[in-house]
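Please look through the structure shown below.

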Amino acid sequence: MRHCSLAWLRFCAWSLLIVTGGAAAQKLPLDKIKLPPGFEIGVFADNVPNARAMALGDKGTLFVGSMRAGKVYAVRSRDGKAVETLVVASGLNMPVGVTFHNGALYISAVDRILRLDDIEDNLARPPSRRS
């Protein structure tokens with residue numbers, strides 16, 4: 001069982017705040033969502049189309065699979081705000097799952113499982129895929 005850490009809670013919050021387009025972000029009725037005292041809500045990133053599965057890297061990178069787009073994105077943040085979004089894998093057949101373990105990003109697509117080693121150190125130039 002996973003313990004609830006601050007990083008895990010932030011990941012859970014991010015997973016709720018990824019929006020599938022800039023126009024959609026402006027239409028969200030965030031002011032109508034009731035939250036417990038001490039909590040707040042906002043849009044983290046609005047440039048990841050069809051966000052599906054998400055995984056948080058050891059260095060704080062949020063990896064997001066986009067099933068219909070066939071891509072996996074890396075969202076870098078600073079001070080709780082998304083500052084850069086990069087494509088780390090594309091041309092995939094419905095990447096429906098991502099997970100991060102020991103520096104590697106694992107991606108499950110309908111037809112295969114991929115592993116990108118040392119991905120957080122190579123976001124601009126992702127390493128070759130290992131199936």
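**Charged pairs and cores**

D121 and K59 are both exposed, where exposed stands for over 50% relative accessible area, buried for under 20% and partly exposed for the range in between (1.4 Å probe, protein chains only). The model is predicted, with local features requiring pLDDT of at least 70 and side-chain atom pairs counted only at pLDDT 80 or more, while totals for chains, interfaces and linings use all residues. Residues are numbered from 1 along each chain as its sequence is written, and side-chain values use heavy atoms, leaving out hydrogens and water.

The side chains of D121 and K59 form a salt bridge, with N to O at 2.3 Å; the term means a side-chain nitrogen of Lys or Arg within 4 Å of a carboxyl oxygen of Asp or Glu. D121 lies in the segment after β7 (113-116) and K59 in the loop between β1 (51-56) and β2 (62-66), so the pair ties together parts that are 62 residues apart in sequence. Strands here are DSSP runs (E, at least two residues), numbered from the N terminus.

The count of salt bridges is 3. In one of them, R76 pairs with E84, and their closest N and O atoms are 3.1 Å apart. R76 is partly exposed at 31% relative accessibility, as is E84 at 32%. Another joins the side chains of R115 and D117 at 2.7 Å, N to O. R115 has a relative accessible area of 25% and is partly exposed; D117, at 24%, is also partly exposed.

The largest nonpolar core has 17 residues, and V72, V88, L105, I107 and I119 have the most contacts inside it. Such a core is a set of buried Ala, Val, Leu, Ile, Met, Phe, Trp, Tyr and Cys residues joined through side-chain atoms within 4.5 Å. At least two of its residues come from each of β1, β3 (71-78), β4 (81-89), β5 (97-101), β6 (104-108) and β7. The largest share, 3 residues, is from β4. A second, separate core has 8 residues, including M54, L62, V64 and Y73.

E120 is in the segment after β7. E120 is buried but has no salt bridge, and the nearest side chain of opposite charge, that of K59, is 6.0 Å away; Lys and Arg count as positive, Asp and Glu as negative, and His and the chain ends are not counted. The side chain of E120 does reach the backbone nitrogen of K59 at 2.9 Å.

Methods. Helix = DSSP H or I, 4+ residues; strand = E, 2+ residues; numbered from the N terminus. Polar contact = N/O pair within 3.5 Å; in protein donor to acceptor, adjacent residues only side chain to side chain.
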